[in-house]
Amino acid sequence: MRLLVTLALRALFRDWIFLLCNVAVLAGVIVPLLVLYGVRNGVYDALIGDLMSNPATLQIDTAGNQSFTPADLAEVQGWEDVRFATLKTRSIFDYVNVRATGGRGRQEALIAPSGKGDPMIAPLPGLGADEVAVSPALAAQLGLAPGDRVEIFTQAENRPRQLVLAARLAGILPEGRLDGRVVMADIAMLDLIEAFYDGYALPEHGIDSGKPLADRAESFEGMRVYASALDRLAPLQDRLEARFGIRTLASTAQVTSVLALGRNLGLALALTVAVAAAGLAASLIFGFWGEVVRTRRTLANLGLLGLPQWQLSLFPVIQALVTALAGLFVSFLLFHLTAALAERLFETGLTDRGGLVSVSAGQAATIAAAVIAFVGCASLAAARAALATDPATVLREET
């Protein structure tokens with residue numbers, strides 16, 4: 001077997017023009033396909049990355065004044081497409097004043113409900129009853145840092161005194177997560193603020209006048225739900241609207257268009273690969289078969305030396321696999337040069353997400369294995385021709 005490999009390699013490199021032509025054919029097909037695949041990866045992954053970098057992309061908000069109960073929330077949280085869900089209080093009571101404890105400055109801010117597992121406050125796992133997270137803008141304007149104590153206070157026209165809630169700043173949200181001045185707090189805090197506006201007594205907060213809090217019905221205006229994945233956003237929105245008979249707001253159109261773009265790019269690439277593979281297969285099959293015909297005398301002499309026919313059939317296969325490895329080396333070298341040139345010519349700002357032309361190491365290994373298998377299969381016709389070579393017949397015909 002070692003002798004066969006040695007002789008096959010010697011014959012291949014002796015006829016280096018044949019090797020060079022096949023390597024050029026392989027590179028001429030593989031490099032453009034790699035560039036197309038890399039561009040598809042770079043552009044699509046960048047679009048997906050932009051969507052996934054903002055958890056609000058997966059958010060579904062109920063619109064209008066509805067009525068939801070904790071039982072409704074528990075039902076939605078049990079759906080497999082739901083990553084996180086929380087109730088919402090009436091939007092008319094969403095604005096509060098915030099100040100650092102002991103500080104003189106204050107800012108008006110929007111207060112929004114949160115809870116354990118809320119992607120908007122990640123990497124924080126959740127917020128306790130006396131904890132809040134704030135947007136970068138609010139933190140900068142009040143000079144806040146994680147761990148600081150803050151006061152959230154509000155005043156209703158029909159109440160003799162303000163409601164003041166003390167809280168600890170659990171964290172500051174990442175840049176770009178929320179615009180403007182926003183406070184994220186547990187839904188219990190928002191419900192308490194709504195009860196204050198509704199005129200209920202809150203003795204633990206120094207507000208003794210008002211209706212008994214025990215008489216208050218547990219009802220919420222809306223719900224904020226997050227889908228578990230981009231492709232689950234549209235089905236989840238449809239399910240919410242059908243289940244509760246409501247209208248919802250979400251980035252479904254944008255997400256759907258990006259996912260459709262990915263599918264269309266994948267289909268176009270698959271069709272291109274199929275057409276290119278057909279042409280490459282025809283070229284390689286006839287090339288390897290022609291080389292076997294040209295080297296029939298060499299194969300016949302090897303047969304006379306005692307090499308069995310099945311080993312002779314491996315002669316073109318060995319040459320084909322070595323050609324494939326050489327073609328892959330040249331193809332990936334040219335691909336990296338092309339990718340670097342594309343990055344330089346087209347400054348897209350995608351480099352931090354992998355570049356305009358991006359092929360991962362795992363994808364490259366898969367492509368290389370597929371090319372080797374493809375070339376190996378293309379050499380089977382030549383192997384069959386070598387297997388059918390009869391040394392006596394060949395030598396008699398050439399005598």
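**Surface patch and barrel architecture of the predicted model**

Phe-329, Leu-333, Leu-334 and Leu-337 form a nonpolar surface patch of about 420 Å². Such patches comprise residues with over 30% relative accessible area and no salt bridge, with nonpolar side chains (Val, Leu, Ile, Met, Phe, Trp, Tyr) joined within 5 Å and like charges within 9 Å; a salt bridge is a side-chain nitrogen of Lys or Arg within 4 Å of a carboxyl oxygen of Asp or Glu. Accessible areas were derived by the Shrake-Rupley method with a 1.4 Å probe, and for residues only the protein chains shown count as cover. The model is predicted, with local features requiring pLDDT of at least 70 and side-chain atom pairs pLDDT 80 or more, whereas totals for chains, interfaces and linings use all residues. Residues are numbered from 1 along each chain as its sequence is written, and side-chain values use heavy atoms, without hydrogens and water.

Phe-329 lies in helix 9 (residues 309–345). Because its relative accessibility is 61%, Phe-329 is classed as exposed (over 50% relative accessible area; buried, under 20%; partly exposed, in between; 1.4 Å probe, protein chains only).

The protein contains 12 helices and 10 strands, defined as DSSP runs numbered from the N terminus (helices, H or I, at least four residues; strands, E, at least two). Of the 399 residues, 45% are buried.

Six strands, in the order 3-4-8-5-7-6, make up a closed barrel with mixed pairing. From one strand to the next, the twist averages 45 degrees, with axes fitted to C-alpha atoms and angles between N-to-C directions running from 0 to 180 degrees. Strands are taken as paired if DSSP finds at least two bridges between them.

Strand 5 pairs with strand 7 (residues 163–172) in the parallel sense over four bridges, and Gly-171 is the partner of Ala-133 in strand 7. Strand 8 (residues 182–186) runs antiparallel to strand 5 and is joined to it by three bridges; here the partner of Ala-133 is Met-184.
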